[in-house]
Amino acid sequence: MITIKRTSSDDSHFRELVQQLDADLKIRDGDEHAFYAQFNKAATIKYALVAYDGDVAVGSGAIRELNPDTMEVKRMFVLPACRGKGIASALLQMLETWSVELGYKKCVLETGKNQPEAIALYKKSSYKIIPNYGQYQSMINSVCFEKELVI
């Protein structure tokens, strides 16, 4: 049975999953990994989730404020052996719910063209592709998404 816990970046299971995510992204991003990594520091995240299958941590996700109306989805990851079970969708939905509870009106995120599973998840979850924002504006391998939240 999958359970999801609200936590922060102080959580050891969250940090372990982020390390595995970073190792995966280093391979996928290649030469651009250092650029992206500088924007994905997880040390001070206040709003994080960890998904568990029994007592084993199998997935993570987080949000951080981008501006007073918008949360940015960060650090989404599910262990490869656990993919295809709806865990990422459940994490994303819980992050959206948490954002609404905190008073935010939309979520945005950046993912890479080399992450087709992520792109499929966000499209399936009603995220719309938007022009690249912020530090991602000139990155041709970035794909940015946005979703208006139901309040």
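Reply: Let's start with the parts list: the chain has 4 helices and 7 strands. Keep in mind that this is a predicted model. Starting at the N terminus, the elements go β-α-α-β-β-β-α-β-α-β-β.

Now for the sheet. Its 7 strands make an open sheet with mixed pairing, and they line up as β1-β2-β3-β4-β5-β7-β6. At the edges you'll find β1 (2-7) and β6 (128-130); each has a single partner strand, so one side of each has no neighbour in the sheet. From one strand to the next, the twist averages 30 degrees.

Zoom in on one pair: β5 (residues 106-112) and β7 (residues 142-148) run antiparallel and are joined by 7 bridges.

α3 has 15 residues and spans 21 Å from first C-alpha to last, close to the 21 Å expected at 1.5 Å a residue. Its buried residues are I87, L91, L92, L95, E96, W98 and S99. Just past the end of α3 sits G103, with a positive phi of about 95 degrees.

Another helix, α4 (residues 116-124), lies across β4, β5, β6 and β7, at about 155 degrees to β5.

So what is packed together here? In soluble globular proteins, nonpolar side chains tend to be buried together. In this chain, the largest nonpolar core has 38 residues, and V73, M76, Y122 and Y127 have the most contacts inside it. At least two residues of this core come from each of α1 (12-29), β2, β3, β4, α3, β5, α4 and β7.

Y127 is a handy one to click on. Apart from neighbours within four places in sequence, Y127 is in contact with V73, L92, E96, C107, L109, Y122, F145, E146 and K147. Two of the buried α3 residues, L92 and E96, turn up in that list. There is also a second, separate core of 5 residues, including V108, Y133, Y136 and C144.

Stepping back to the whole chain, buried residues account for 46% of its 151 residues. Of the contacts between residues at least 6 apart in sequence, 67% join residues at least 24 apart.

Notes. Residues numbered from 1 in each chain as written. Predicted model: local features only at pLDDT ≥ 70, side-chain atom pairs only at ≥ 80, totals over all residues. Heavy atoms only, no water. Buried < 20%, exposed > 50% of the residue type's maximum accessible area, 1.4 Å probe, protein only. Contact = heavy atoms within 4.5 Å. Pairing = 2+ DSSP bridges. Axes fitted to C-alpha atoms, helices over the stretch in contact; angles between N-to-C directions. Expected span 1.5 Å × (residues − 1). Core = buried A, V, L, I, M, F, W, Y, C linked by side-chain atoms within 4.5 Å.
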